[in-house]
Amino acid sequence: MVYNFCTSPDKVLLFMDILGFSNLIRTNDTMSIESRKGKLTLNYARFADYIEDFYSSDETIKVLWMSDSFMISSDIAHVNDVMNCFFALHHDMITSGLPLRGAMCVGNLYHEHNIWGEALVRAAELEKNKCIFPRIIISENDLSRLPIDDSYRPYIKDAHDIKGYYFLDAMAFDFDDTLSRAEKQDNIGISALIHVLSEWVAENLSASQGNEKIRLKWRWLAENLISTMNQRRSKIEALLSRERLGGTPALTFDEYQAPLMSLIERNTNLQP
């Protein structure tokens, strides 16, 4: 096989690790692996179909899934296709109980049959050494080079713990997307999303006691979920009420939040 070792400039790369995937395989828990694998396979097939339907004709983006890592790249001009692809992937992964952590970088890259380049090296180093929490970070310098659409700008938040970096608030995007669709269609609700995320985050935060590095990741995700819900409380409460009137056994806003809030409060005094 002949490889082209020449990288191309002005490429944007989104490099992500699926947190917990390696440990899931390492535990050799057959039933757990099979159940998670089945859900993950279904979601990947859905994601692959999404990519094929929207991007195969013009090939504006390249996608590689290798073990517990995802890599999505494009020219700078098509960064919004990368953003769209990421938010779709994040939804599938997080509702399968597998959060994503990584970095978006701009630089030289080769991404065809294989992938390498300065952008990949920097993104992998950021994921490993700076990101820490389940989020996607990007430097202020790289962000300034990207023509990101105004519709995505509200979901680029300051990463206060890392000077000069921002993060993609995928949780907020997921809620806003679901709320928007639910407000337009009676057969779409918000309770399923809240139920899956709140139970899953609470379960993992509770189980992480004794492992400080893992506990901090889940506490960050729990706080992100609570903050996202609080900022949309009135819309969420209205839709939950509509679901209950329609016969869906949805809880109240406070009933969904109470177990998670209790766990967060108990974790507040456990400093790193």
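In this predicted model, F86, F87, Y152, Y155 and F173 are joined into a cluster by ring pairs. Here, rings of Phe, Tyr and Trp (the six-membered ring for Trp) are paired if their centres lie within 6.5 Å, and the planes count as stacked under 30 degrees apart, edge-to-face over 60 and tilted for the rest. Residues are numbered from 1 along each chain as its sequence is written; local features need pLDDT of at least 70 and side-chain atom pairs pLDDT 80 or more, while totals for chains, interfaces and linings use all residues, and side-chain values use heavy atoms, without hydrogens and water.

By the ring rule, eleven aromatic pairs are counted. One of them joins F86 and F87 in a tilted arrangement, with 5.2 Å from centre to centre and 50° between the planes. F86 counts as buried because its relative accessibility is 1%, and F87 is likewise buried, at 4% (buried is under 20% relative accessible area, exposed over 50% and partly exposed in between, with a 1.4 Å probe and protein chains only).

Another pair, W200 with W218, is edge-to-face: the centres lie 5.0 Å apart and the planes make an angle of 85°. This pair links distant parts of the chain, with W200 in helix α7 (residues 191-207) and W218 in helix α8 (residues 212-230), 18 residues apart. Helices are DSSP runs of H or I with at least four residues, numbered from the N terminus. Both tryptophans, W200 and W218, are buried.

Turning to E237, this residue sits in helix α9 (residues 233-245). E237 counts as partly exposed because its relative accessibility is 33%. Between E237 and L251 the C-alpha to C-alpha distance is 9.8 Å, at a sequence separation of 14 residues.

Definitions and conventions: Helix = DSSP H or I, 4+ residues; strand = E, 2+ residues; numbered from the N terminus.
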